[in-house]
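Dear colleague,

Here is the structure for your files. My notes follow below it.

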Amino acid sequence: MTAGQNAGRPNSAEQPWPVRTVAQKVAGWVDKLGTIWVEGQVTQINARPGTRTAFLTLRDPSVDMSLQVTCSPQLLQQSGVPITEGSRVIMFGKMTFWPGRGSLALRVTEIRAVGIGELLARLERLRALLAAEGLFDPRLKRPLPFLPRRVGLVTSRGSAAERDVLSVAQRRWPAVRFDVRHATVQGPTAVTQLIEALEALDSDPDVDVIVLARGGGSVEDLLPFSDEALCRAIAACTTPVVSAIGHEPDSPLCDHVADLRAATPTDAAKRVVPDAVAELDLVDELRARSAAALRNWVRREEHVIAQMRERPVLADPFRDLDRRYEELERLQQAARRDVTRLISSESSTLEHLRARLGTLGPAATLARGYAVVQRIVPGSDPEVVRTLGEMPIGTQLRVRVADGAARAAVMGHERQGRQEQ
């Protein structure tokens, strides 16, 4: 039975397809994909002299994925730009499944190297995208701790950047501790290893700051540090990240995403740990400034106290009391004189009033020969008699004179001009 006949019958455990049928079906499905353009980074080239096929590995620089590529050796030789391992390229070809080996490969007919101009244009587009998402916002930058418990360092093994960071940091603060994670800093596997090291350090609670360090290099060498996946991994870190990539002119995208950009790895070491000598000098300076400030404050307060003591109220506190006492004495004497004068004046007035009262009073009148006649009413006080009508004949009277009183009775009446019996 042919493969076509096998493919037409139903597939089940009782009627399985043979390997050739499955391989031909896969080849047919892959063939339907047609021609495609693919971009990646060349990681391996195998083009032996005398062979008709060259084998390459095309890798995605952001993730751990690769694709096998085949082409003619003349295509590599006739490329305008030399194709070497690490080159960023764009390939045009068709996916092919080889049923005999059960392998899948991209058969390419055109290879274009991605030029530096195109790379820079892509970086600018990525820069604009990340900036629009807010990954460069200064308000999101986290401050570095003054003295970290442990510093995480991501760099290549045995690199000058690692030596610079460790030596400078330990010279500045001998007690500093490092957790160094080695990773490839260029090439097709750099991004994956850098992200893994970064995530491992970020998950360690003892690591207070992470330094991403690498020496200088060309634009192509620093491309992994402008990769979108790495930039987003830095932005997702909860631990502050210091980017120390290249030198001052170099500016990969991770410099803008990191919480702090250091000009060089040496500068990064100076930023993450304080200088013990400088801090001790600062402590001595602050102590001296504090002592001087305290002495100046004491002198100012002593001067204020001296000025207060020189004030009259403190220099001679009884002066005002004496002055007030003298004033009080004067007021007392004046009051005494006024009171005496008032008493004398009132006494004279009283004597005059007494004399006038004595002159006008009943006693003086009686002394001049007048008498006060009162009618005696039984059961009540005597009543002064003013008219004859109040003294009927026989009325008992009390006649008061200057030296006493006498009792009398009305014997008769005499009116002015005539007499009544």
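Which residue is the bridge partner of Val42 in strand 2? The partner is Leu58.

Before the rest, the conventions. This is a predicted model, in which local features need pLDDT of at least 70, side-chain atom pairs count only at pLDDT 80 or more, and totals for chains, interfaces and linings use all residues. Residues are numbered from 1 along each chain as its sequence is written, and side-chain values use heavy atoms, with hydrogens and water left out.

Confidence: the protein chain has a mean pLDDT of 85, and 93% of its residues reach 70 or more. pLDDT is the predictor's confidence in each residue, from 0 to 100. Among the elements of the chain, the highest mean, 94, belongs to strand 6 (residues 151–155), and the lowest, 52, to strand 16 (residues 418–420). Helices (H or I, at least four residues) and strands (E, at least two) are DSSP runs, numbered from the N terminus.

Domains: the chain is divided into domain 1 (19–114), domain 2 (142–274) and domain 3 (366–410), with bounds from an automatic or database domain assignment. Taken over C-alpha atoms, the centres of domain 2 and domain 3 are 139 Å apart.

Strands 1 to 3: strand 2 (residues 54–60) pairs in the antiparallel sense with strand 1 (residues 35–46) over five bridges, and with strand 3 (residues 65–71), also antiparallel, over seven bridges. Pairing requires that DSSP finds at least two bridges between two strands. Strand 2 is largely enclosed by the rest of the structure, because five of its seven residues are buried (under 20% relative accessible area; exposed is over 50%, partly exposed in between, with a 1.4 Å probe and protein chains only).

Surface: Val304, Met308, Val313 and Leu314 make a nonpolar patch of about 320 Å². Patch residues have over 30% relative accessible area and no salt bridge, and nonpolar side chains (Val, Leu, Ile, Met, Phe, Trp, Tyr) are joined within 5 Å, like charges within 9 Å. A salt bridge is a side-chain nitrogen of Lys or Arg within 4 Å of a carboxyl oxygen of Asp or Glu. Areas come from the Shrake-Rupley method with a 1.4 Å probe; for residues, only the protein chains shown count as cover. Helix 10 (276–310) and helix 11 (312–315) each supply at least two of the patch residues. Leu314, in helix 11, counts as partly exposed at 47% relative accessibility.

Strand 13 (residues 396–401) contains Arg398, which is partly exposed at 30%. The C-alpha atoms of Arg398 and Val372 are separated by 8.1 Å, with the two residues 26 apart along the chain.

Regards
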